[in-house]
Amino acid sequence: MAEDILALIRENVIQGRVTREDEGLEGGMEGEPAVAELTEEALARGVDARYIINDGLTAGMVVVGDKFQAKEYFIPDMLASAEAVGAAMSILEPHLSRSGMKPKGKIIVATVRGDLHDIGKNIVSILLRGAGYTVKDLGNNIDTQTIVDAVRDEEPEFLGLSALLTSTMVHMEEIIKALHENGLRQRVKVVIGGAPVSDGFAASIGADGYGADGFSAVRVVELLSSANN
């Protein structure tokens, strides 16, 4: 039954298990099929990629998000689950066009110049892919001109900017100004995040939204998507 394997995928996302070698967050699961193997099995059984994403991966991450908000899970736990989703999405991507699942939109993400931190950005990228968005990750320590050029060339609906340092978050305002100067600001919604960033800072630099963590960043993008439709 498709429901059985989707429930297993969901549970293994919650446990942060990528492959059968992983023990899981609660331990004792080593040797059992994990998200990667279960995703392959589901496809072999003819389960539509849309169901794997919606009823397996995304449903699992909803539980992870609830646990994170309740402080039952912490960043390493969330990262383990996000990595499991990322592994599954890599397997699923070739099948998405055949399933008729169209991307909800395109988003470019980057950590700004001078900042080498990328764990938060990587989690957001994986969660957005799992939510149905096409994500282009420029990486970390990315200068303003490279980001502006990417927005011009890729024509994304969204731009996600990350910074973990107060000394680098100032580049977010610089990027937004550069988008204005290049006639690109009206084409793209800018969402920012990172430890020193806040709603107030986002408003002060003219960003469209702020995500306190990976899950809230996805919610902000979804809200902005709904507002555009």
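A word on ground rules before we start. Residues are numbered from 1 along each chain as its sequence is written, and side-chain values rest on heavy atoms, with hydrogens and water left out. As the model is predicted, local features need pLDDT of at least 70 and side-chain atom pairs count only at pLDDT 80 or more, while totals for chains, interfaces and linings use all residues.

Let's begin with the empty space. Rolling a probe the size of a water molecule over the atoms shows where such space is left. Here a pocket is an open set of points on a 1 Å grid over the protein atoms alone, where a 1.4 Å probe fits and protein lies on both sides within 12 Å along at least five of seven lines; lining residues have an atom within 4 Å of a point. Volumes are the space filled by probe spheres set on the points, with grid points joined across faces, edges and corners. The largest pocket holds about 550 Å³. It is lined by 30 residues, and those closest to its centre are Gly120, Lys121, Ser162, Gly193 and Gly194.

Which elements supply at least two residues each to the lining of the largest pocket? They are α4 (75-99), β1, α5, β3 (158-162), β4 (189-193) and α9 (214-228). By class, the lining has 18 nonpolar, 8 polar and 4 charged residues.

The class count for the second largest pocket is 10 nonpolar, 6 polar and 4 charged.

Leaving out residues up to four places away in sequence, Thr58 touches Ile53 and Gly130, where contact means heavy atoms within 4.5 Å. The Thr58 side chain also reaches the backbone oxygen of Gly130 at 3.2 Å.

Now for the charges. The whole structure has 12 salt bridges, each a side-chain nitrogen of Lys or Arg within 4 Å of a carboxyl oxygen of Asp or Glu. One of them joins Lys106 and Glu154 at 3.3 Å, N to O. Why does this pair tie together parts that are 48 residues apart in sequence? Because Lys106 lies in strand β1 (residues 106-111) and Glu154 in helix α6 (residues 144-154). Lys106 is partly exposed at 24%, and so is Glu154 at 27%. Lys106, Lys136 and Glu154 are linked in a network of salt bridges.

Another salt bridge brings Arg113 and Glu174 together at 3.6 Å, N to O. The two are 61 residues apart, with Arg113 in the loop between β1 and α5 (119-130) and Glu174 in helix α7 (residues 170-181). Glu72 pairs with Lys67, their closest N and O atoms being 3.4 Å apart.

Is Asn12 buried or exposed? With a relative accessible area of 3%, Asn12 is buried. It belongs to helix α1 (residues 2-14), and its side chain reaches the backbone oxygen of Leu8 at 2.8 Å.

Lys71 has a positive phi of about 65 degrees although it is not a glycine; it lies in the loop between α3 and α4 and is exposed at 62% relative accessibility. Asn141, also not a glycine, has a positive phi near 55 degrees and lies in the loop between β2 (134-137) and α6.

Conventions
Polar contact = N/O pair within 3.5 Å; in protein donor to acceptor, adjacent residues only side chain to side chain. Helix = DSSP H or I, 4+ residues; strand = E, 2+ residues; numbered from the N terminus. Buried < 20%, exposed > 50% of the residue type's maximum accessible area, 1.4 Å probe, protein only. Nonpolar A, V, L, I, M, F, W, Y, C, P; charged D, E, K, R; others polar.
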